[in-house]
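Dear colleague,

Please find below the structure that I am handing over to you, together with its sequence. My notes on what was found in it follow.

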Amino acid sequence: MSTRLGRGHCGAHLTLLFTVDDISRELENQGSIGAGLCLEDGVEAIAKGEEGFASLAVSFLGKEYSSSMYEDVLEVLCFEIPEAGELEWELSIRMSLPTSQGFGMSASGAIAAAMAFQRALGIPHEECLRRSFLIAHIVERRRSSGLGDTTALAAGGVERRVVAGSPYSSSLNHGPGKSEGWTLGTPVVVCWRNETGIHTSRYIDNPRWKERISEAGNEQMKVLGDDIWDQGRWSELIECSHSFAESSGLLEDASRSDLLSDVNRTIFESGLTGEVSALLCMLGESVVIVPTDASSDGEFFGQLSERLEGSGLSTMMSRVGDLA
């Protein structure tokens, strides 16, 4: 048998507000409602499968990460496609952003890897896509590494999740989770501290945090959850993101307040107050800076990024991605 090759790519997801809906015993029904941004940049996965001893070797381009999540992805895939468990796999991962900083990189990586494996096996496009989102959702919930990232990424763009759950079911039909998106390819700047971020499970597995986060998220979704979801809702999303960060208590936790203050100071010194807004990414110690006009070309972001890096922050310029 010849070598089998497959590639998968999935952009990052920045959660701006959310709830914790994990009461159901069925993983497909767990998740969150909320809103956020899906980016062009995220995770690229290249899979190579050959005859031999069934195994998986994962390598990372750049910084080293744990391979356990990718092992889980392959394990779940093998239940659906036994042939996947009969090959000797090599998986190469390239990440555009760090993990555990609120960029949805576990979901992005799981989706990209599931795509790469299936494309190497010759699975048709639509079947591959749906199964990748389902596998990623299952892995995320088993590991408590995320809630609604896969449902958000299944919509793409500026996303709104109106029903919690997986975007696809075990039959690969539409699942309980429902989301929608729109996009103008809006430019953004993502910035973060170089210190290690906080694992999502610290919050979503903690009863006190779950209650406070969900109460704040439900309150903001009363504003965002109705009417047509399009570019006319951009300013509301920005306002609701600020309100959620404060009322949930997440703004004051893990030095996020200091980070946001530092970013806002740099925005002021750059003369961009009123032109851009800094929003916390949940649940890391990171910020996404967006233009107050969703149709802006963001020509000022290059200079702003340089100033932020000069103050000791790491940055990356990206854009809101296409619809899935």
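**Surroundings of T15**

Apart from its neighbours within four places in sequence, T15 is in contact (heavy atoms within 4.5 Å) with A35, G36, G102, D149, R161, L280, C281 and M282. Please note that this is a predicted model, in which local features need pLDDT of at least 70 and side-chain atom pairs count only at pLDDT 80 or more, whereas totals for chains, interfaces and linings use all residues. Residues are numbered from 1 along each chain as its sequence is written, and side-chain values use heavy atoms, with hydrogens and water left out.

T15 belongs to strand β1, residues 4–18. Helices (H or I, at least four residues) and strands (E, at least two) are DSSP runs, numbered from the N terminus. T15 counts as buried because its relative accessibility is 8%; buried means under 20% relative accessible area, exposed over 50%, and partly exposed in between, with a 1.4 Å probe and protein chains only. The side chain of T15 also makes a polar contact with the side chain of H13, at 3.5 Å. Such a contact is a pair of N or O atoms within 3.5 Å; within protein, one must be able to donate a hydrogen and the other to accept it, and residues adjacent in sequence count only if both atoms are side-chain atoms.

**Backbone geometry**

Most residues other than glycine have a negative phi, and most peptide bonds are trans.

- The peptide bond from M282 to L283 is cis, with omega near 20°; L283 lies in the loop between β8 (276–281) and β9 (286–291).
- S144 is not a glycine, yet its phi is positive, about 55°. S144 sits in the loop between α3 (125–143) and α4 (149–155) and is buried, with a relative accessible area of 13%.
- L172 likewise has a positive phi, near 70°. The loop between β5 (158–163) and β6 (178–182) holds L172, which counts as buried at 16% relative accessibility.

**The chain as a whole**

The protein chain has 9 helices and 10 strands. Along the principal axes, its C-alpha atoms fill a box of roughly 60 × 40 × 35 Å. Of its 324 residues, 56% count as buried. Among the contacts in the chain with a separation of 6 or more, 76% are between residues 24 or more positions apart.

Yours sincerely
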